[in-house]
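Welcome! Take a moment to turn the model around on your screen, and then let us walk through it together.

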Amino acid sequence: MPGSSSYLAGDGWSAGIEGWWLFGAPMAGEKASWSLRLEPAYWTPPGWEGFDFSPGWHRRHAETGRLLASGEATLDGQGKSSVSAKLDPGAGLGAVSAQFEASVTSPERQRLFARGSSMVHRADL
């Protein structure tokens, strides 16, 4: 799953993938596939509940999500792998959500999925 709950635009993003058989052994050597999408999101700082920090009602439907990165990996002897990408939300306003999805495929072609997300703040710090 993602390495952090929030990032800044331009940061390096990372996540871990793990695969375990139902009897508890790691899925060593099995194939995993993953994707990272950026989707428009809304964020409210702690203590500011009830305030709207979005780009505005007239821009809410102007942005759509996009695929940022995807790939395949092979799980190591402990049933783990790691992936990374650079977070580039492109032009736009407001925060985006980095939506990560990974699947591990067994020899019987059954796929096990997991999802996680992180907030990406557009900032120039």
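In this report, two residues are in contact when they have heavy atoms within 4.5 Å of each other. With that in mind, take Ala 69: leaving aside its neighbours within four places in sequence, Ala 69 is in contact with Trp 34, Ser 35, Leu 36 and Ala 85.

What you see is a predicted model, in which local features need pLDDT of at least 70 and side-chain atom pairs count only at pLDDT 80 or more, while totals for chains, interfaces and linings use all residues. Residues are numbered from 1 along each chain as its sequence is written, and side-chain values use heavy atoms, with hydrogens and water left out.

## The whole chain

Let us begin with the overall picture. The chain holds 0 helices and 7 strands. Here helices (H or I, at least four residues) and strands (E, at least two) are DSSP runs, numbered from the N terminus. Read from the N terminus on, the elements run β-β-β-β-β-β-β. Along its principal axes, the C-alpha trace spans about 50 × 30 × 25 Å.

How much of the chain counts as buried? Of its 125 residues, 32% do. Buried means under 20% relative accessible area, exposed means over 50%, and partly exposed lies in between (1.4 Å probe, protein chains only). The chain exposes about 7900 Å², and carbon and sulfur atoms supply 52% of that area. These areas come from the Shrake-Rupley method with a 1.4 Å probe; for residues, only the protein chains shown count as cover.

Contacts also tell you how the chain folds back on itself. Among the contacts with a separation of 6 or more, residues 24 or more positions apart account for 73%.

## The sheet of five strands

Now look for an open sheet of 5 strands, with the order β1-β7-β6-β3-β4 and mixed pairing. At its edges are β1 (6-8) and β4 (66-74), each of which pairs on one side only. From one strand to the next, the twist averages 25°. Axes are lines fitted to C-alpha atoms, for helices over the stretch in contact, and angles run from 0 to 180 degrees between N-to-C directions.

Two strands pair if DSSP finds at least two bridges between them.

| Strands | Sense | Bridges | Partner residues |
|---|---|---|---|
| β1 and β7 (residues 111-121) | parallel | 3 bridges | Tyr 7 and Val 120 |
| β2 (residues 12-18) and β5 | antiparallel | 7 bridges | Ile 17 and Ser 81 |

## A hairpin and its turn

Strands β6 and β7 form a hairpin with 5 residues between them. Which residue in the turn has a positive phi? The residue is Arg 109, with a phi of about 65°, although Arg 109 is not a glycine. Most residues other than glycine have a negative phi. Arg 109 lies in the loop between β6 (96-105) and β7, and with a relative accessible area of 73% it is exposed.

Is Ala 69 buried or exposed? Ala 69 lies in strand β4 and is buried, because its relative accessible area is 15%. The C-alpha atoms of Ala 69 and Arg 37 are 7.1 Å apart in space, although the two residues are 32 residues apart in sequence.

Arg 37 sits in strand β3 (residues 31-40) and counts as partly exposed, at 32% relative accessibility. Leaving aside neighbours within four places in sequence, Arg 37 is in contact with Gly 65, Arg 66, Leu 67, Leu 68, Ser 97, Ala 98 and Gln 99.

Finally, Ala 91 is in the loop between β5 (80-86) and β6. At 80% relative accessibility, Ala 91 counts as exposed.
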